[in-house]
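Please report on how this chain is put together.

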Amino acid sequence: MKKKLYWIIPIFLLLAVGITTTSYKDNSFEIVKNIDIYTSLFKELNTYYVDEIDPGEVVKTSIDEMLKSLDPYTNYIPESDIEDYRFMTTGNYGGIGALIRKNDDRVMVADPYEGFPAQKAGLRAGDVLIKIDDFDTKGKSLPDVSEKLKGQPGTKINVVIKRPGQDEKIEKEITRKKIHVPAVPWYGMRDDKIGYIRLSNFTHKVSEDVKDAVLDLKSQGAESYILDLRGNPGGLLMEAVEIVNLFAPKGELIVSTKGKVEKWNKEYYAQKEPVVPQMPVVAMVNSGSASASEIVSGALQDLDRAVVVGTRTFGKGLVQTTRPLSYNARLKITTAKYYIPSGRCIQALDYSNRKEDGSVGKVPDSLITSYSTKNGRTVYDGGGIMPDIELEQPTLSKITVSLVRKQLIFDFATEFVNKNDSIDDPATYKISDETFEAFKVFLKDKTYDYKLRSEQELDKLKQMLKREKYLKIVENEIEALSKKLEHDKEQDLITFQDEIREMISEEISSRYYYQKGRIQTALQYDMYLDTAMNILKHKERYDTILTVKEVESE
């Protein structure tokens, strides 16, 4: 064990030298002192700890905990995780092209990607993976199964599956290939004049995909565009700059970065002539829109080049840079903050000033500053992008959440596919009354339950009364109230049937038309989209929103 640890000490000493030569404060002694303490502690730990320790795991834990004290985006990436990191930035990996999910002690196919090996081999959502070559999946974790499915493009694997509704197991030979998950999963015309583009992340060359979509929609007659950034966690900065440049004039400042290393501070301008310089644009965002999504929506808002619709965005305005480490590892480190054209920073949380309990607070209202867009409209910092037209964040009922978590909607869709060869066009597909009645019958012998918020609060009250020895005094009243609050699942199925029908329709649509089908079916129920289209159909309202100084809300 001692031999295993010898390599750690020189690495930390080299790290100390590296830090002292690049430190921006006169704290070299403190750095060397604390690293010396760390290495001497590690030697003592190795020599005297009662059990054997894994040096790699112990060091990784100490690194992870150190970085966790800074912000959630500064991470250590060991060599073993490099492929996952590359997938996050490129959207590419070697495998069969399918999402998987846990099902009791087995793993099943959740969503095969259209046009990739899993789908071409005939795998379906709902298929249970029994074996991958000689690897039995029973009791195995999702990461373990995923690792077996991934591999070098061109290599073959044998997969044994159990398909619901069939007695015999099915064996498939699948050839892995390079999988590229499209960052623009679907685009299309919403009516004769409005083009819609869904953008799911900012991976390498996604700006080219968006440009192709813009030009294709233009050739189909698009006179305005909806850019859907909801749930988009961000990605590569330069892709965000290029996408803004599709709509914004050449020479406009799009975003700047400022950090401790001044030579890394940079301003990013639109370098090209825009593809559609005049056509109206609406950007749809929500609380899941972060980082590069906020650069695009915020820059378009600051330049008065788009109306932003939805809810306040996440507020992730920190810039990460990857730095090489020894043994092919990397450090993803926060090096700067983003500032959009008006000069405001979109970062919501201040990780440099934590509270006594270690938690991080948002920028207080007293410190929020106003800025001006190109046309003189007032906008604010304080974290995230506040939409020009603010809408409510859609929420699901307790029963719908329970049906999704228990995979009952997923399982019903699997059963539906086994009985139906096809469905209508996904853009118009909605389940029939007959199908919804079949779903209610399907649930009859299924176990699922949920507690309303009021029931949860009543349980807390009971516990408090019990501790304070007052429960017996009001026990009858509490029980009466409890019975009144009891939810009726059958009645809830009727009360919340609209959202449940929507979820079933989307899941079934995805079985026949994959990710594109799910998106198209979901858009039929989309209030954000309805608002965006209404704005684009009324040019006078669109122009008014971008010229008045007060931010309109709805």
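Axes here are lines fitted to C-alpha atoms, for helices over the stretch in contact, and angles run from 0 to 180 degrees between N-to-C directions. Helices (H or I, at least four residues) and strands (E, at least two) are DSSP runs, numbered from the N terminus. This is a predicted model, in which local features need pLDDT of at least 70 and side-chain atom pairs count only at pLDDT 80 or more, while totals for chains, interfaces and linings use all residues. Residues are numbered from 1 along each chain as its sequence is written, and side-chain values use heavy atoms, with hydrogens and water left out.

**Overall**

The chain has 19 helices and 21 strands. Its C-alpha atoms fill a box of roughly 75 × 70 × 65 Å along the principal axes. Of its 554 residues, 43% count as buried. Buried means under 20% relative accessible area, exposed over 50%, and partly exposed in between (1.4 Å probe, protein chains only). A contact means heavy atoms within 4.5 Å. Among contacts with a separation of 6 or more, 70% come from residues 24 or more positions apart.

| Helix pair | Angle | Axis distance |
|---|---|---|
| Helix 8 and helix 9 | about 20° | 8 Å |
| Helix 12 and helix 17 | about 50° | 9 Å |

Angles under 35 degrees count as roughly parallel, over 145 as roughly antiparallel, 65 to 115 as roughly perpendicular, and the rest as oblique. Helix 8 and helix 9 are therefore roughly parallel to each other. Helix 8 passes helix 9 in a right-handed crossing. A crossing is right-handed if the near helix is turned clockwise from the far one by less than a right angle, and left-handed if anticlockwise. Val206, Ser207 and Val210 of helix 8 touch Glu239, Glu242 and Ile243 of helix 9. By class, that contact has three nonpolar, one polar and two charged residues. Ala, Val, Leu, Ile, Met, Phe, Trp, Tyr, Cys and Pro count as nonpolar, Asp, Glu, Lys and Arg as charged, and the others, Gly among them, as polar.

The angle between helix 12 (residues 408–419) and helix 17 (residues 497–522) is about 50°. That makes helix 12 oblique to helix 17. Helix 12 passes helix 17 in a right-handed crossing. On helix 12, the contact residues include Phe410, Phe412 and Phe416; on helix 17, they include Met503, Glu507 and Arg511. This contact has 10 nonpolar, one polar and two charged residues.

**Buried elements**

Helix 9 (residues 237–245) is largely enclosed by the rest of the structure, because seven of its nine residues are buried. Leu237, Ala240 and Val244 are among them. Its cover includes helix 8 (206–219), helix 10 (292–302) and strand 18 (330–339).

Strand 4 (residues 106–112) is also largely enclosed, because seven of its seven residues are buried. Strand 3 (residues 98–103) pairs with strand 4 in the antiparallel sense over six bridges. Two strands pair if DSSP finds at least two bridges between them. Leu99 has Asp111 in strand 4 as its bridge partner. The two strands form a hairpin with two residues between them, and Asp104 in the turn has a positive phi of about 55°. Strand 4 also runs antiparallel to strand 5 (residues 128–132), joined by two bridges. There, Val107 has Leu129 as its bridge partner.

Six strands form an open, mixed sheet in the order 10-11-12-15-16-21. Strand 10 (186–189) and strand 21 (389–390) each have a single partner strand, so one side of each lacks a neighbour in the sheet. Strand 16 (residues 307–310) runs parallel to strand 21, joined by two bridges. Gly310 stands opposite Glu390 in strand 21.
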